[in-house]
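Here are my notes on this model, point by point. Have the coordinates open as you read.

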Amino acid sequence: MPRDHTRTYVLQTMAGQERKLKEAVERGVSGVGECYIPEREVAEKRDGQWVRAVKRLLPGYVFVRTDDPDALAAGLRGLPGFSRLLGVSGERFMALTPGEEAWLGALANPETHVVELSQGVIEGDRVRVSAGPLKGLESAIRKVDRHKRAAWIEVSLMGRTKLVKVGLEIVRKQG
């Protein structure tokens, strides 16, 4: 059985230009299996009501799955809005590690690439997530803002550690 050599690469662009770059890659770069922008579901208050909305998980980044990174690099040259392929310490661009890919796959819905809103409770000074993609990942939570229904989690991506904001609704606080 042949082994799948498809990997995920990260493109950088200006924040707010992700959709344009994604569309340009899908139109003009051959050999791309999938091109997506990871997003997060959030709760926002509009007109006095809490509604769900979708925002960028990592502003300024577009993710591309391909088994031909050289064709990807060649196809990206000259695309409007493309800044660079991310790599590690100036080396040739690199794919996400299998661990990083697994983390993204576990956190985000595999079909929509959206990190859905989680629910949890605060017990004393600890957060316990009862539902959603953060369940079992409580150790990655660094900060919670109950009023904005958000949590910041620590993620490792391309050799760097980042704090990423995701949706977390605290349904009650005790103790």
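1. Start with Val-166. Leaving aside residues up to four places away in sequence, Val-166 touches Arg-40, Leu-57, Val-115, Leu-134, Arg-149, Ala-150, Ala-151 and Ile-153. Bear in mind throughout that this is a predicted model.

2. Val-166 belongs to the largest nonpolar core, which has 26 residues; together with Phe-63, Leu-134 and Ile-153, Val-166 touches the most other members. At least two residues of this core come from each of β5 (61-66), α3 (98-107), β11 (150-157) and β12 (160-174). There is also a second, separate core of 17 residues, with Ala-24, Val-29, Cys-35 and Leu-72 among its members. For background, nonpolar side chains tend to be buried together in soluble globular proteins.

3. Some overall numbers, for orientation. The protein has three helices and 12 strands, and its C-alpha trace spans about 55 × 40 × 35 Å along the principal axes. Of its 175 residues, 41% count as buried. Take the contacts between residues at least 6 apart in sequence: 62% of them join residues at least 24 apart.

4. Which residues of α2 (69-76) are buried? They are Pro-69, Leu-72, Ala-73 and Leu-76. These sit on the same side of α2, because the arc they cover around the axis is only 95°. The general rule here is that an α-helix has 3.6 residues a turn, so residues three or four places apart point the same way. The buried residues of α2 pack against β1 (7-12), α1 (18-28), β2 (32-36), β5 and β6 (84-85). After α2 comes Gly-78, with a positive phi near 85°.

5. Now the open sheet. Its four strands come in the order β2-β5-β1-β6, with antiparallel pairing. β2 and β6 are the edge strands, each with a single partner, so one side of each has no neighbour in the sheet. Between β2 and β5 there are four bridges, in the antiparallel sense, and Cys-35 stands opposite Val-64 in β5.

6. How many aromatic pairs does a search of the whole structure find? It finds one. The pair is Tyr-36 with Phe-63: the ring centres are 5.6 Å apart and the planes are at 20°, so it counts as stacked. Tyr-36 lies in β2 and Phe-63 in β5, so the pair ties together parts 27 residues apart in sequence. Both residues are buried: the relative accessible area is 10% for Tyr-36 and 0% for Phe-63.

7. Two charge-over-ring contacts are worth a look. The charged end of Arg-149 sits over the ring of Trp-50, 3.8 Å from its centre. The charged end of Lys-143 sits over the ring of Trp-152, at 4.7 Å from the centre. Arg-149 has come up already, as one of the residues touched by Val-166.

8. Last, β3 (39-46). Six of its eight residues are buried, so the strand is largely enclosed by the rest of the structure. β3 pairs with β4 in the antiparallel sense over eight bridges, and Glu-39 stands opposite Arg-56 in β4. The two strands form a hairpin with two residues between them, and Asp-47 in the turn has a positive phi of about 50°. β3 is also joined to β7 (114-115) by two bridges, and those two strands run parallel. There, the bridge partner of Glu-39 is Val-114.

Terms used: Residues are numbered from 1 along each chain as its sequence is written. This is a predicted model: local features need pLDDT of at least 70, side-chain atom pairs count only at pLDDT 80 or more; totals for chains, interfaces and linings use all residues. Side-chain values use heavy atoms; hydrogens and water are left out. A nonpolar core is a set of buried Ala, Val, Leu, Ile, Met, Phe, Trp, Tyr and Cys residues joined through side-chain atoms within 4.5 Å. Buried means under 20% relative accessible area, exposed over 50%, partly exposed in between (1.4 Å probe, protein chains only). Contact means heavy atoms within 4.5 Å. The arc is that of the directions from the helix axis to the C-beta atoms. Rings of Phe, Tyr and Trp (its six-membered ring) pair if their centres lie within 6.5 Å; planes under 30 degrees apart count as stacked, over 60 as edge-to-face and the rest as tilted. A charge sits over a ring if NZ of Lys or CZ of Arg is within 6 Å of the ring centre and within 35 degrees of the ring normal. Two strands pair if DSSP finds at least two bridges between them.
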